[in-house]
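Hi,

Here is the structure I said I'd pass on.

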Amino acid sequence: MPEITVTAIPAFTDNYIWLLSAGGSNCTVIDPGDAQPVLDSLRRNRLQLDSILLTHHHPDHIGGVEQLVAETGAAVFGPADPRIPGQTRSFSEGETVKLEKTGLAFEVIEVPGHTSSHIAFFGHGCLFCGDTLFSVGCGRLFEGSPEQMQDSLDKIAGLPPETLVFCAHEYT
């Protein structure tokens, strides 16, 4: 299993777009709400965007996708949700997203609560959980129920204790 490098790309006032690489020139980003910070990072680090992973449909997580796809041809993977246009393929619980050019692979975990179709990506000792879990709490319930959010948080709590958690906002 390749070693993963995770780089935070700040966006807006408190979002994180996560850039993932495994030593080559290809990379993946997660939840690019804004294209420009990603494009700047790609140019600065001489990387090629191969794929985009999306946790949910909110604009601050998908707003940059269209421009990134137009400029890079990246594939787009996320939850089965018609509110996310232009996906290459959608994924659900237990499936694995295999990113061949980076050599990375992530198990998909359905974590409804913040939104009804929210997913997280788990692999390489890392969890990319979007707006499900933060360092100071969990995401607001826009579409899901408290019971759904509790079940989602229980799934996360069941991951190995050494799991590194990467949330999509900085609220500390």
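Let's start at one end of the sheet: alanine 11 has asparagine 15, in strand 2, as its bridge partner. Keep in mind that this is a predicted model. Strand 1 (5-11) and strand 2 (15-21) run antiparallel and are joined by seven bridges.

Zooming out, the sheet is an open one made of six strands, ordered 1-2-3-4-5-6, with mixed pairing. Strand 1 and strand 6 (89-91) are the edge strands; each has a single partner, so one side of each has no neighbour in the sheet. From one strand to the next, the twist averages 25°.

Now the helices. Helix 1 lies across strands 1, 2, 3 and 4, and runs at about 135° to strand 1. Helix 3 also packs on the sheet, where it touches strand 3, strand 4 and strand 5 (75-79), with its direction at about 145° to that of strand 4. The two helices meet as well: the axes of helix 1 and helix 3 come within 9 Å and cross at roughly 35°. On the helix 1 side the contact uses Ala35, Gln36, Val38, Leu39, Leu42 and Arg43, and on the helix 3 side Gln67, Leu68, Glu71 and Thr72. By type, that makes five nonpolar, three polar and two charged residues.

What sits in the middle of it? The largest nonpolar core has 20 residues, and those touching the most other members are Val29, Leu42, Leu49, Ile52 and Leu68. Two or more residues each come from strands 1 to 4, helix 1 and helix 3, with helix 1 giving the largest share, four residues.

Aspartate 60 is 49 residues from alanine 11 in sequence, but their C-alpha atoms are 8.9 Å apart. Aspartate 60 belongs to helix 2 (residues 59-62), and its relative accessibility is 22%, so it counts as partly exposed. Beyond its neighbours within four places in sequence, aspartate 60 contacts Phe12, Asn15, Asp31, Gly33 and His169. With histidine 169 there is a polar contact between the two side chains, at 3.2 Å.

Cheers

Conventions: Residues numbered from 1 in each chain as written. Predicted model: local features only at pLDDT ≥ 70, side-chain atom pairs only at ≥ 80, totals over all residues. Heavy atoms only, no water. Core = buried A, V, L, I, M, F, W, Y, C linked by side-chain atoms within 4.5 Å. Buried < 20%, exposed > 50% of the residue type's maximum accessible area, 1.4 Å probe, protein only. Pairing = 2+ DSSP bridges. Axes fitted to C-alpha atoms, helices over the stretch in contact; angles between N-to-C directions. Contact = heavy atoms within 4.5 Å. Nonpolar A, V, L, I, M, F, W, Y, C, P; charged D, E, K, R; others polar. Polar contact = N/O pair within 3.5 Å; in protein donor to acceptor, adjacent residues only side chain to side chain.
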